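Colleague: I would like to learn how to read a few features in a model like this one. Could we go through them together?

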Amino acid sequence: MAENQEWVELTVTVPVAAQDLVVDWLLEAGASGVQESYPGLFPADGEGEVISGDPSEWWGEAPKNKSGKVDLTAWLPKSYLSLENDFQGFLQRLEARFPGILAHKVSIENVPAQDWNANWKATWKPTAIGMRLMVCPSWEEPPETDRIVMRIDPGMAFGTGTHFTTASCLSLIEEIVEKTTVDSLLDVGTGSGILAIGALLLGVKRAVGIEVDLDALAEARENAVRNGVADRMTVTSAGVGSGEGQFDVVVANLVAHTIVRLAKPICQAVADGGWLILSGILAEHEETVDREIQAHGLKRHASMTEDSWVTLLYRP
Ligand SMILES: C[S@@+](CC[C@H](N)C(=O)[O-])C[C@H]1O[C@@H](n2cnc3c(N)ncnc32)[C@H](O)[C@@H]1O
């Protein structure tokens with residue numbers, strides 16, 4: 001959201017079949033984002049609790065939506081209020097195709113003006129990780145410290161070091177670097193670049209960061225420059241296994257089902273005598289990930305857990 005702009009929050013329930021049309025209309029009208037949640041969404045096996053409407057959090061088959069409805073929440077600039085009648089007219093035109101769409105009230109609430117960026121930035125402070133690193137927001141003066149300071153601006157990307165999944169990967173990288181010489185590291189899902197950059201600052205000679213999100217890719221590049229390691233770090237959107245070769249350390253902080261999907265190229269990228277660090281795994285998916293990785297010939301070496309998150313360490 002743009003800083004200091006006034007916003008309204010619009011909520012409406014529509015049939016799932018009409019969802020794409022309504023979301024497109026709201027985005028065209030200037031929505032900065034539309035959140036979808038599915039009342040009555042159940043796992044495909046029909047058992048258990050209502051689960052997330054976010055497809056990236058689904059495990060296995062797409063869940064069944066018994067209600068056939070989706071709740072949409074859109075954040076729009078206050079100028080949207082002049083388009084309210086247009087939205088009602090749009091819904092009226094849809095009524096012929098999606099009977100009942102008008103039955104649900106459209107509600108609009110003011111969102112108090114805030115500087116979203118500043119609010120978030122104010123909560124993130126320099127953070128010590130492992131024994132040697134200190135992650136410092138790029139806009140803050142680093143505190144007096146003997147630690148190696150890594151300056152990060154994540155932009156919209158994931159990776160500040162405050163989340164256990166990131167911090168545990170950095171700690172394991174540090175432990176490996178303490179034990180042995182690490183020439184190369186592959187970071188699958190580099191986000192802000194924090195793991196690859198941290199590794200380079202700890203003494204790894206070269207790193208490759210792979211990222212599907214082009215905005216994150218740009219942030220990772222900028223962070224590499226910011227930390228003086230850009231000449232030793234390659235950031236690419238090429239898929240894992242597309243010819244980067246093998247690495248002494250491979251780290252992948254992704255979600256469990258992506259790890260399972262990419263297990264083969266990820267495991268093949270680990271050099272003989274190397275290390276594989278996997279994170280972003282919820283405890284309930286640990287066994288599935290573990291089985292998949294061991295099936296590719298790697299042996300479990302260690303693990304770390306916090307709350308429901310698990311980080312796993314393997315060796316060939
Ligand atoms: C949880 S974030 C991790 C960021 C950072 N490495 C860290 O540890 O904080 C996962 C990142 O992986 C990226 N990603 C997801 N699927 C991917 C894939 N198939 N290949 C490469 N990157 C992927 C996402 O865009 C996201 O930036």
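Colleague: How far is a nitrogen atom of the ligand from a polar backbone atom of threonine 190?

Modeller: Gladly, and keep in mind that this is a predicted model. The distance to a polar backbone atom of threonine 190 is 3.4 Å. A ligand nitrogen is also 3.5 Å from a polar backbone atom of valine 212, while a ligand oxygen sits 2.6 Å from an N or O atom in the side chain of threonine 166. On its own the ligand would expose 600 Å², and the protein buries 81% of that.

Colleague: Which residues come nearest to the ligand?

Modeller: There are 17 residues around the ligand, and Gly159, Thr166, Gly189, Glu211 and Asn253 come nearest. By class, this shell has 7 nonpolar, 7 polar and 3 charged residues.

Colleague: And how do I read aromatic rings?

Modeller: Two numbers describe a pair of aromatic rings: the distance of the centres and the angle of the planes. This structure holds 4 aromatic pairs. In one of them, tryptophan 25 and phenylalanine 87 are tilted, with 4.9 Å centre to centre and 40° between the planes. That pair joins distant parts of the chain, with tryptophan 25 in helix α1 and phenylalanine 87 in helix α2, 62 residues apart.

Colleague: Why is the pair of phenylalanine 87 and phenylalanine 90 stacked?

Modeller: Their planes are at 25°, so the pair counts as stacked, with the centres 6.2 Å apart. Ring pairs link Trp25, Phe87 and Phe90 into a cluster.

Note on methods:
Residues numbered from 1 in each chain as written. Predicted model: local features only at pLDDT ≥ 70, side-chain atom pairs only at ≥ 80, totals over all residues. Heavy atoms only, no water. Near = heavy atom within 4 Å. Polar contact = N/O pair within 3.5 Å; in protein donor to acceptor, adjacent residues only side chain to side chain. Areas by Shrake-Rupley, 256 points an atom, 1.4 Å probe, with all protein chains shown as cover. Nonpolar A, V, L, I, M, F, W, Y, C, P; charged D, E, K, R; others polar. Phe/Tyr/Trp six-rings, centres within 6.5 Å; stacked < 30°, edge-to-face > 60°. Helix = DSSP H or I, 4+ residues; strand = E, 2+ residues; numbered from the N terminus.
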